[in-house]
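Biologist: Hi! Could you walk me through this one?
Modeller: Happy to, here it comes.

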Amino acid sequence: MTQRHFSLFRINSIFVDSAKRMTNQELEKFKKALEEEKKDLEREVKHLKDVPDFGSDVDSGEEEADESAAYGDQLALMETFKLRLDDIESALDKIAKGKYGICEKCGKEISVRVLEADPESKLCQADKQKEKIKGFFKKIF
Ligand SMILES: [Zn+2]
């Protein structure tokens, strides 16, 4: 190998390394994790829907108020679960279309590290950070 070939080889391997693509194995792993989480969430949502039996044995106004507060919490929780489910479903949809792991903001690949922490992530690390900062300022002002 000449010096020239050697340096080309080096550049190439560095490039491959920094833009490490998701392997099929990793993709399968994320798909499984998403499907598991989806099942769990669906179970939770179903459970929340089944349970409410508020107002059936109310005997004091105070108790009624407590129960309606609990019901409000339950609705908020259900809303959170549903949003999460939407994200998971859209991630699974992307896997099916071969578009999983692409940032919705900048179109770059989301690093495997980010996906490992949050398989339904729609954004890359940099854009996630930006969103967080935006959300932070929205809260302040
Ligand atoms: Zn991005």
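Modeller: The average pLDDT (the predictor's confidence in each residue, from 0 to 100) is 82 for the protein, and 77% of the residues score at least 70. This is a predicted model, where local features need pLDDT of at least 70, side-chain atom pairs count only at pLDDT 80 or more, and totals for chains, interfaces and linings use all residues. Residues are numbered from 1 along each chain as its sequence is written.

Biologist: How many helices and strands are there?
Modeller: Five helices and zero strands. These are DSSP runs (H or I, at least four residues, for helices; E, at least two, for strands), numbered from the N terminus.

Biologist: And where is confidence lowest?
Modeller: In helix α1 (residues 3–18), with a mean of 47, whereas helix α2 (residues 24–50) is highest at 93. Where pLDDT is low, the predicted coordinates should not be read in detail.

Biologist: New topic: which residues make up the largest nonpolar core?
Modeller: Nine residues: Phe-30, Leu-34, Ile-88, Ala-91, Tyr-100, Ile-110, Leu-115, Leu-123 and Cys-124. Such a core is a set of buried Ala, Val, Leu, Ile, Met, Phe, Trp, Tyr and Cys residues joined through C-beta atoms within 7 Å. Buried means 20 or more other C-beta atoms within 10 Å of a residue's own, with C-beta atoms placed from the backbone.

Biologist: Which elements give two or more residues to that core?
Modeller: α2 and α3 (61–97).

Biologist: What about α5, how many of its residues are buried?
Modeller: Zero of its 16 residues, so α5 is hardly covered by that definition. Across the protein, buried residues make up 9% of the 141 residues.

Terms used
Buried ≥ 20, exposed ≤ 12 C-beta atoms within 10 Å, placed from the backbone.
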